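Subject: Model for you, with notes on salt bridges

Hello,

Here is the structure to go with your sequence.

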Amino acid sequence: MNAEKQGVNSPKRKRLPLSKLTTDPETFQFRELETTEDHVRGLADAINAGNVLDPMTVWMRGEDDYIVVDGHHRYAAYSRCGYSKPVPVILHECSEADAMLLALSENTKTKLPMTKTERDNAAWRLVCSDHGLSKAQTVKATAVSDGTVGKMRRTRKQLEDQGKDLPPTWWMAMQALKGLERPELTDDMVEQMIEARAKALDDKIGKELGRMGNIQWEALARVLERRLEHHNLNCLTDYLVDQGDEADEEEPVF
């Protein structure tokens, strides 16, 4: 355990200027996507209509240094609106390790649960951090099994002993440990690989694809037709049709 003080002090409800808040998604965002466009747009509409959003969870890293731990969509919505008044926050003064655990705790309270891939990657990030968290702390924060967290801790040690860099995702870490020998892929490993590649692609072009899809979907379709080989285009079409059929088969919720 490093020398920083552990334990979370009593949080304080405050209002802070948006200009004093910053984000650090590499440390405190544990979902595959930091924000979704539809959610940000809806929150921005609510702000412009005069509605009050729930307070963001904020970590006081230092004097006049405030990091958004939970509330990235709200932060993006305020920024989009050019909001000039102080915004409501719940302020925590604690160590960075406890702030990371707080971020995970807030994510598990949301209506949209974290996927298994997101929880695995969150646990791997905690294992790779320099905060010296115990196995029990990591298991409690991420709901990843004790056995898997133990395997992650052993994997980190083996990679470091071999002088290898620690990869950003758990699936990549397992691959790195195998070296050039490809492991036998389970369904879960394939899903993690797809999610990792989807996130990387979304970070590069996702925002522009979504914008053009809303403006003129035909233009987006034409680009896909030009860029994808005929077989892959057919696979994509079949996948989208299957997804639509599954949505139609869902029972209505009253």
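Predicted model: local features only at pLDDT ≥ 70, side-chain atom pairs only at ≥ 80, totals over all residues.

Residues are numbered from 1 along each chain as its sequence is written, and side-chain values use heavy atoms, with hydrogens and water left out.

Searching the whole structure gives 10 salt bridges (a side-chain nitrogen of Lys or Arg within 4 Å of a carboxyl oxygen of Asp or Glu).

One of them joins Arg-74 to Asp-70, with 3.3 Å between the closest N and O atoms. Arg-74 is buried at a relative accessible area of 16%, and Asp-70 is buried at 13% (buried is under 20% relative accessible area, exposed over 50%, partly exposed in between, with a 1.4 Å probe and protein chains only).

Asp-130, Arg-156 and Glu-160 are linked in a network of salt bridges. Arg-156 pairs with Asp-130, the closest N and O atoms lying 3.7 Å apart. Arg-156 is in helix 7 (residues 146-161) and Asp-130 in the loop between helix 5 (116-128) and helix 6 (135-142), so this pair ties together parts 26 residues apart in sequence. Helices here are DSSP runs (H or I, at least four residues), numbered from the N terminus.

Arg-156 also pairs with Glu-160, at 3.0 Å between the closest N and O atoms. Both lie in helix 7, 4 residues apart, about one turn of the helix. Arg-156 is buried at 17%, Glu-160 is partly exposed at 38%, and Asp-130 is exposed at 63%.

Regards

Terms used. Helix = DSSP H or I, 4+ residues; strand = E, 2+ residues; numbered from the N terminus.
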